[in-house]
Amino acid sequence: MKEDVNLLNYNAMTTGNEINYTGSGVWSPSQKFVFRICFVFFLIMIIPTDAKYYQKWVTTDWKHLHIRDMGSLSGSSFKIIEVATKRPGGNDTGGAPEKKQYDYVIYPETGEYGAWSYINWFIALVLGVAGAFIWTFLDRKSKNYNQLYYFLEVLVSYAMIVRLQGLTFSKIFPSQMPELALTQLNTPFGDFVAQKLYWIQFSFVHNFERYAGYAELVIMVTLFFRPTRAIGAALSIAMIGVIALANHTYDGGIHLLASFYIVGGAFVLWRYLPPIWNLIVHEKNTALKIVYYPFSRPWEKWFRIAFKSFIFLFFFVVSAYLHWDNYRNDSYKVPQNPGLADARGLYTVADFKVNDTVVPYSPVDSLRWQDVTLEKWSTLSFTVFNTFDIHGEAGRGKQYKDIDRTYESAGTGGGRRHFYYEIDSINKILTLKNKNKVYEKQVLQLHYERPNENEILLNGNNEYGQPISMVLIKRPKQYLVYQDRSRKNTWTP
Amino acid sequence: MDYKFYLDILQSPAGDKGFYILFKLANYTPGFVARNSFGNWLIIAGIAFAGAFLLEKITRFKSLDYDKWYYWLRVLLRYRLAVAAISYGLIKLFPLQMPYPSLGNLHTAYGDFLPWKIYFHTTAIAPPFEIFLGGVELLSGLLLLSRKTTTFGAGILAGYYGNVFASNIAYSMGYEAYSLQLTIFAVVLFVYDAPRLYNLLVARKYTIANSYRPVFNTKEKWLKKIARPLIAIFIIWLGVAAYHNYTTAPYKYPAAKGLPGAYGFYNVRIFKWNNQEIPYSATDLNRWQNVVFEKWATLSIKTAKPIVIDNGLGDQFTNNDHERNFESAGVGGRRYFSYSLDTIHHQLSLANKNKNHKEETFQLTYRLLGSDTIIIKGVNQQNDSIYAELNKINRKYLLFEGRRKPVKL
């Protein structure tokens, strides 16, 4: 066996124990320079510079902690220039409903999805290079940055954990992709935007969604502990990196968040790669030559334990609890006000009248309603043969009001309209409001009667103020998407 | 070892440039009971136990070089997994495995698909993503071809096929057993270096590298000399054949061209059944509601008549357009017909592609009025006469319009 001479320097060869590599080596000038760039770059990308973020830790209502607060407490991304679009409802990239204002806003042709969206990363990199020059000028003594390297690796790893927890636990407790709405089941495949189809592919296979959540939890846990950090970094790139690419190809909108795991994961993994290559490809005996900060003083030891415990308790335990609680009681993308009792279903529209004149069924009529659906919650949807301005929101965000919770309606077109409604059960009146914010002024008032459990009579006005009336007849419908391929399945309209 | 495999290879079409045969060879898996069933695994386990017992008896008096046997087992697994990964990588790199949804499928409600079809279509609407997935698979397969990079390829594929296995279960995609088989192959290959990686990365100890170097006898050297170029030729040929299939006639959709200029979605404005006009109806079993002409020779009709779903996966290799049922399998809502076209006599002969409704046929004549109207007359298999006036609807699809610009539709 050929022995690697360098390794004779380490006592580990004889004892076989963990190496206490002192890291007294000298870095080359270029290594030092690249490290300085990385250091400044990641610091800018990770440490929130916004005073409001720190205020949050004081102003948050700790007694009624909500998953919304978890979002705003898990940091803010570095952003000087807002990359936006002018189309209605664009700029919906999820997160908390309240939006910050920026001094600099650009409107590139590719919207928020193209290369321009990385402009703030580019600025951070430019600042990193500038910072590295200044640092090089000021610091001529340092031989290496082994200890800083360790702390930067920890910082990047923890930033990845903290930014991932919301997505992890809202999959483990399936609320990121909640159950399909009936209106979605009755919308043609071609009338969804690609982003929507990417999301709702999880919305009828919740065990698969949980599985994805547990995979993300594995990333969080492996990044959390020093011995498994290399594995966590590799998994970050392999999984969240792929999600980043998917977000680019589907115009999903959270590519910046996901891409951070490619850059961060690569940074953390970087120094493990040469030893891995040496061991596996060159088949040479190898030791990691990595310096860990010893945490030898008591206060350092206690600080480390306290910090780690805090991260674990807050971003693992509390976050998991809050997401579980949200999933059980107020799944954040799903409207919560109950709809008409026992009315959930797909309805055929009969006896449709406008201005007291019967409009017979026609698939090419711009006023006559078709395929009405009533959800468990208070949303009514129908199709007409007409075109409408599409509101570009993605149906994300942790909205407060039911009317703003648009997971069911965002990203669909094809003449399908969605209305939030309020029930006046004494006067038997439904007040409907259009969920598409382009048409938010449209309000319909419909008097309802329910002669039997399968029929609903509606009578009132449509979006254009014309008097309308109709009979809704419930249609028994089994959806193939919930059926088993190995059985005999029959489609019915 | 399973004779049915050879029969299948010999009896079915080779495909252009042998694409079908090469792909099947790359993905042989024993099918003693049924293809892609765990029943086979029981039989194989039985054979393995018997074999282990027998080997024990035979080699009682001479010691076997297990290190070398293990080496050759890994060689076998490496190449087996490599050709599987490369073949599946290629049909994603050239998006054949999950082709873009047909127009008829775009006009089908989301709830009217079986889960596997939703999964396929959702991947298919983002070809760059499918190409990327294929690239990962292909690259990992290539890494397996060299012993030194095997661990990396196996590690990636263990995660990749593990994920394919999980989605096969979630969406019942039909390849549960095969994807688990590939996962196990990848895990077995990865396990060789796993303790060393654990020792290095997790235990962070000084790690002794693999020191086994196989010594080959003359026979083995010859085997290597012959097998290597053969595998290289196989892979290159498969690549050329897959590319050729993609650029000429993707195997999941029919190859024959459809009625020229007819591609589109049509409202059925007037419909007569046995000379009786039936007004628009979403409930009448005979009334055609709308019609889609594909670019290839398929036409789909929406009616209210129940459909017994074709539970196939539409992934068989065939040159018969009628049997290429990817577009009509696992989906309800529309009745799919392959048609033969006689442009001289303006005749269309329709046959339902769904094997549960194969009796349904139409003998039709067509007349084109301008570019947007088609008049259809004829009879079905029971001699009921049909008359339909089809009006093309030029509509936009949100799927194509995307999220980047203002859209009205």
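Which domains does the domain assignment of chain B give? Domain 1 covers 3-30 + 65-248, and domain 2 covers 264-399. The bounds come from an automatic or database domain assignment.

Before going on, note that this is a predicted model: local features need pLDDT of at least 70, side-chain atom pairs count only at pLDDT 80 or more, and totals for chains, interfaces and linings use all residues. Residues are numbered from 1 along each chain as its sequence is written, while chains are lettered from A and ligands numbered from 1 in the order in which they are written.

**Stop 1: the two domains of chain B**

Select both domains. Their centres, taken over C-alpha atoms, are 39 Å apart. (Contact: C-beta atoms, placed from the backbone, lie within 7 Å.)

(Helices are DSSP runs of H or I, at least four residues; strands are runs of E, at least two; both are numbered from the N terminus.)

**Stop 2: chain A against chain B**

Show both chains. 78 residues of chain A are in contact with 70 residues of chain B. Several elements of chain A give two or more residues to its side, among them α9 (206-224), α10 (229-249) and β12 (490-491). α10(A) gives the most, with six residues.

**Stop 3: a strand pair across the chains**

Select β12(A) and β5 (residues 307-308) of chain B. They pair in the antiparallel sense over two bridges. (Pairing needs at least two DSSP bridges between two strands.) Finish on Trp491(A), which stands opposite Ile307(B) in β5(B).

Conventions. Two residues are in contact if their C-beta atoms, placed from the backbone, lie within 7 Å.
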